[in-house]
Amino acid sequence: MRVDLSPGSYSYRVRACVTSSQCSNYSSASSTFSILAIPSTPSAPSVSSYSSTSIYITWNAVSGAESYRLKHRVNGGSWSPSKTVNGTGDVLANAAPGRYEFQVIACNVNVQCSGHSPVSATYIQLAVPSA
């Protein structure tokens, strides 16, 4: 059985064998199925704007991507669980003061995903001065 198929359209046929020389006829061809290319790795996301508690992150579209998965970390800590995003931007709401970094991956319709983008430039969310 092949598992290293290149992107393209395929169909298959099967037959039963008792020994290598005693086999039934091949079945009719299956319906065609497609193997999609894994999207390229996106470039590093960037902070497009921010407010006192929200950070707006964007990245470039990647050919063949159906969705993206965005993650972040604060102050060099652990990466957050990935969030699925259907476009090329997202908002991190309720962002507490700290040093934020972001990464994104691109996924095709079969949820086969690229490698992680480079880590974004560090963004520092400042505390809002109290009145």
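Start by selecting Cys 113, which is partly exposed, with a relative accessible area of 25%. Keep in mind as you go that this is a predicted model.

Is Cys 107 buried or exposed? Cys 107 counts as buried, at 1% relative accessibility. Look along the S-S bond next: the torsion for Cys 107 and Cys 113 is about 105 degrees, so this disulfide is right-handed.

How many disulfides does the structure hold? There are two. For the other one, select Cys 17 and Cys 23, which are joined with an S to S distance of 1.9 Å. The link of Cys 17 and Cys 23 is right-handed, with 110 degrees about the S-S bond. Cys 17 is partly exposed at 42% relative accessible area, and Cys 23 is partly exposed at 27%. If you number the bonded cysteines in sequence order, the pairing reads 1-2, 3-4.

Next, switch to a cartoon view and select the strands of the open sheet. Four strands make it up, in the order E8-E7-E10-E11, with antiparallel pairing. At the edges are strand E8 (83–85) and strand E11 (123–125), each of which pairs on one side only. From one strand to the next, the twist averages 40 degrees.

Zoom in on strand E7 (residues 67–74) and strand E10 (residues 98–107), which pair in the antiparallel sense over eight bridges. Which residue in E10 is the bridge partner of Arg 69? Select Ile 105 to see this partner of Arg 69.

From there, follow the chain into the loop between E7 and E8, where you will find Ser 80. Ser 80 is buried, with a relative accessible area of 17%. Show its neighbours: leaving out residues up to four places away in sequence, Ser 80 touches Lys 71 and His 72.

The last stop is another serine in a loop. Select Ser 30, between strand E3 (22–23) and strand E4 (33–35). Ser 30 has a relative accessible area of 19% and is buried, since the cut-off for buried is under 20%. Beyond residues up to four places away in sequence, Ser 30 touches Ser 11 and Tyr 12.

Key. Residues are numbered from 1 along each chain as its sequence is written. This is a predicted model: local features need pLDDT of at least 70, side-chain atom pairs count only at pLDDT 80 or more; totals for chains, interfaces and linings use all residues. Side-chain values use heavy atoms; hydrogens and water are left out. Two strands pair if DSSP finds at least two bridges between them. Helices (H or I, at least four residues) and strands (E, at least two) are DSSP runs, numbered from the N terminus. Axes are lines fitted to C-alpha atoms, for helices over the stretch in contact, and angles run from 0 to 180 degrees between N-to-C directions. Buried means under 20% relative accessible area, exposed over 50%, partly exposed in between (1.4 Å probe, protein chains only). Contact means heavy atoms within 4.5 Å. A disulfide is a pair of cysteine sulfur atoms within 2.5 Å.
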